[in-house]
Amino acid sequence: MNYFLAACIGALSSILANKSLAVYNDGFRPIFAEYFNGGIDRKGLAATSFAVSFGLIVGFGFTNSIAMGIIIIHTFLLMGDIIGTWCPDTKTGTILSGVIGAVYGILVVAAMSSINSFFQMLPVNFLGSLGNVSTIVVATFSVFPVIAVGYQHGLKKGIITGVITFVTYLLIKKFGIISIGDVAKLSLNADGMAMLAGTLTMIFFGASVKDRASADEGISNMFSNNVERIKKSWPLFAVMGGLISAAAATLLLTSDVISGPLALNGQYTEAALVALVRAIGYIPLVYTTAIVTGVFSPAGSYFVIAVGFFAASFGLSPVVLAVVAFVAGALTVILETFVLGSIGKLLDTFPALREMGDHIRNAMSQILEVALLVGGFIASNSIMAMIGLGYVGSMAVMVTWMLNKTAKKPFLIPLAVGPVVTIAMGILVNLLFLIGFPLVG
């Protein structure tokens with residue numbers, strides 16, 4: 001099933017990019033406005049796609065997929081952008097992009113499986129320690145609304161959000177198990193509920209700033225033709241949304257490095273909540289660029305990931321689960337497609353909500369950057385400690401981080417430093433073991 005889903009996702013994402021209907025890279029989407037106006041040709045579009053996406057595929061997608069044990073969606077869809085734009089804008093090119101995309105999707109699953117098997121064959125198995133990379137991410141991610149509110153509304157409201165988040169965490173930790181008679185017990189997750197409380201507070205502050213005068217002159221009215229262009233392609237988006245939702249439900253992929261580990265641990269509801277909040281944070285960017293350019297994201301703002309994880313919580317058989325998640329994901333994207341214009345008007349009416357998206361992404365990025373770095377310290381130290389050289393792992397992470405920061409052209413994106421060095425330490429510990437360094441303990 002994983003190979004089938006991966007092939008379909010790779011194929012359809014490449015086709016959508018080839019037909020200039022949807023691309024995953026938010027920074028690449030605005031380039032299509034210039035392409036449609038004749039400002040750049042197809043070769044220029046393809047070159048830009050490669051330039052803005054390939055580094056993310058290697059430095060973020062692959063490395064974090066290996067470290068987390070679940071494929072990050074960037075690995076599929078960013079390459080779909082590249083494949084689709086590099087193939088000719090013809091019927092033959094569309095077919096070719098679909099074939100290449102399908103082959104790529106299959107290769108990704110095969111590669112991840114092979115890498116995992118290879119690591120397990122090594123004399124020193126470091127896969128358990130590798131999972132520590134995500135430990136700090138899961139532990140700290142619930143505070144991102146506090147950071148976002150602080151950036152957007154100032155220190156005072158940031159502190160208020162922090163207090164609400166912390167109090168909610170304590171209350172749920174103390175009273176989060178609710179007995180339903182003698183039938184069942186409902187256990188609430190403290191991290192998830194704290195993040196939800198912070199998110200609701202963040203939305204409340206954002207919605208308190210209103211500007212109805214701008215709604216009539218907003219972007220959704222200015223670019224109504226672009227909105228209609230996207231709506232006409234709803235069947236393709238529905239299929240894509242269904243495929244991604246089914247892939248999330250079967251734990252083939254995830255949209256981020258937080259929800260993935262949660263889902264792998266069986267915390268499907270918490271994973272769905274994280275994916276849901278992430279999707280909310282990306283609404284302003286995804287919807288605004290889609291309205292302005294007429295080029296959507298392959299599956300909207302990726303609420304379908306949350307839908308897939310939520311479907312997984314019902315304990316259905318794999319085939320039934322995939323079907324249910326596919327239908328639910330397809331319906332979700334259809335809804336997103338047809339409310340695109342309405343959401344655009346809402347963002348015009350409440351400008352702070354549109355700005356909130358930028359602050360959410362900024363807060364997420366900064367927390368992930370620090371958390372993955374700290375996780376890299378812990379994981380690398382744990383791996384090298386197997387042969388009594390724990391500090392070497394920490395030193396390697398620090399040296400790599402600082403050299404990357406001081407380089408005129410960084411060789412790694414900040415989010416990738418922790419996972420990349422940890423994987424390198426796993427390989428190094430095996431080499432040192434083979435030349436005579438004994439295991440400790």
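**Entry 1: terms and ground rules**

I began by writing down that helices (H or I, at least four residues) and strands (E, at least two) are DSSP runs, numbered from the N terminus. With that in hand I looked at the end of α8, where Gly154, just after the helix, takes a positive phi of about 100°. I noted that this is a predicted model, in which local features need pLDDT of at least 70 and side-chain atom pairs count only at pLDDT 80 or more, while totals for chains, interfaces and linings use all residues. Residues are numbered from 1 along each chain as its sequence is written, and side-chain values use heavy atoms, with hydrogens and water left out.

**Entry 2: the whole chain**

I then stepped back to the protein chain, which has 21 helices and four strands. Its radius of gyration is 22 Å, close to the 22 Å that the globule rule gives for 441 residues, so the chain is as compact as a globular protein of that length. For this I used the radius taken over C-alpha atoms, and a globule rule of 2.2 Å times the number of residues to the power 0.38. Along the principal axes, the C-alpha atoms fill a box of roughly 70 × 55 × 50 Å.

Next I looked up burial, where buried means under 20% relative accessible area, exposed over 50%, and partly exposed in between (1.4 Å probe, protein chains only). Of the 441 residues, 52% count as buried. The accessible surface comes to about 19,000 Å², and 70% of that belongs to carbon and sulfur atoms; such areas come from the Shrake-Rupley method with a 1.4 Å probe, and for residues only the protein chains shown count as cover. Among contacts (heavy atoms within 4.5 Å) between residues at least 6 apart in sequence, 78% join residues at least 24 apart.

**Entry 3: covered helices**

How many residues of α4 are buried? I found that twelve of its 13 residues are buried, so I describe this helix as mostly covered. The buried ones include His74, Phe76, Met79, Asp81 and Ile83. Helix α4 (residues 74–86) reaches 18 Å from its first C-alpha to its last, close to the 18 Å expected at 1.5 Å a residue, where the expected span is 1.5 Å times one less than the number of residues.

I returned to α8 (residues 144–153), in which Phe144, Pro145, Val146, Ala148, Val149 and Gln152 are buried. These buried residues pack against α9, α10 (190–207), α15 (268–293) and α19 (351–384).

Ser97 sits in helix α5 (residues 91–121) and is buried, with a relative accessible area of 0%. Leaving aside neighbours within four places in sequence, I found Ser97 in contact with Ser14, Ile15, Asn18, Ile83, Gly84 and Cys87.

Thr422, in helix α21 (residues 414–434), is likewise buried, with a relative accessible area of 0%. With the neighbours within four places in sequence left aside, Thr422 is in contact with Leu130, Val133, Gly376, Ala379, Ser380 and Ile383.

**Entry 4: positive phi in loops**

Which residues other than glycine did I find with a positive phi? One is Ser20, with phi near 55°, placed in the loop between α1 (2–18) and α2 (31–36); Ser20 is buried, with a relative accessible area of 3%. Another is Leu251, with phi near 60°, in the loop between α13 (234–249) and β4 (253–254); Leu251 is partly exposed, with a relative accessible area of 23%.

**Entry 5: charges and a nonpolar patch**

Side chains of opposite charge can pair when their charged atoms come close. I counted a salt bridge as a side-chain nitrogen of Lys or Arg within 4 Å of a carboxyl oxygen of Asp or Glu, and by this rule there are two. Arg29 pairs with Asp26, the closest N and O atoms being 2.9 Å apart, and both residues are buried. Glu228 pairs with Lys231 at 3.9 Å between the closest N and O atoms; being three residues apart in helix α12 (residues 224–232), they are separated by about one helical turn. Glu228 is partly exposed, with a relative accessible area of 40%.

Last, I looked up a nonpolar surface patch of about 610 Å², made by Leu155, Ile159, Val163, Val167, Leu171 and Phe175. Patches are made of residues with over 30% relative accessible area and no salt bridge, with like charges joined within 9 Å and nonpolar side chains (Val, Leu, Ile, Met, Phe, Trp, Tyr) within 5 Å. Val163 lies in helix α9 (residues 155–175) and is partly exposed, with a relative accessible area of 46%.
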